[in-house]
Amino acid sequence: SVATKVRDAHTEELMRIPGAVGTGIGIESSGVAEIQVYVKDSTAAAEAPRDSSIDSVPIVIQETGEIQPY
């Protein structure tokens with residue numbers, strides 16, 4: 001998908017968001033694909049890109065806490 005290609009092209013930039021622990025692709029309620037950035041804690045710095053987009057693909061910040069592998 002376009003969102004996946006944009007995310008993959010900008011992963012390094014997205015992971016520089018303070019507290020970022022991962023990224024994913026989701027679908028808005030309107031059916032539009034979005035880039036999700038998972039952050040450990042919802043801080044003002046982490047939330048700064050909340051209402052932004054890259055190459056017309058919306059960015060959504062989601063607080064997940066620490067992600068632990070099993």
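**A tour of the sheet, helix and core**

Begin by selecting Thr23, which stands opposite Val37 in E2. Strands are DSSP runs of E with at least two residues, and helices are runs of H or I with at least four, both numbered from the N terminus. The model is predicted, so local features need pLDDT of at least 70 and side-chain atom pairs count only at pLDDT 80 or more, while totals for chains, interfaces and linings use all residues. Residues are numbered from 1 along each chain as its sequence is written, and side-chain values use heavy atoms, leaving out hydrogens and water.

Next, select residues 20–27 (E1) and 33–39 (E2): these strands run antiparallel and are joined by seven bridges. Gly22 has Tyr38 of E2 as its bridge partner. In the hairpin, five residues lie between E1 and E2, and Gly31 in the turn has a positive phi of about 95 degrees.

Widen the view to the open sheet of four strands, ordered E1-E2-E4-E3 with mixed pairing; strands pair if DSSP finds at least two bridges between them. E1 and E3 (53–54) are the edge strands, each pairing on one side only.

Finally, display the largest nonpolar core, which has 13 residues. Such a core is a set of buried Ala, Val, Leu, Ile, Met, Phe, Trp, Tyr and Cys residues joined through side-chain atoms within 4.5 Å, where buried means under 20% relative accessible area with a 1.4 Å probe, protein chains only. Among the residues with the most contacts inside it are Ile35, Val37 and Ile61. H1, E2 and E4 each give two or more residues to this core.

Notes:
Buried means under 20% relative accessible area, exposed over 50%, partly exposed in between (1.4 Å probe, protein chains only).
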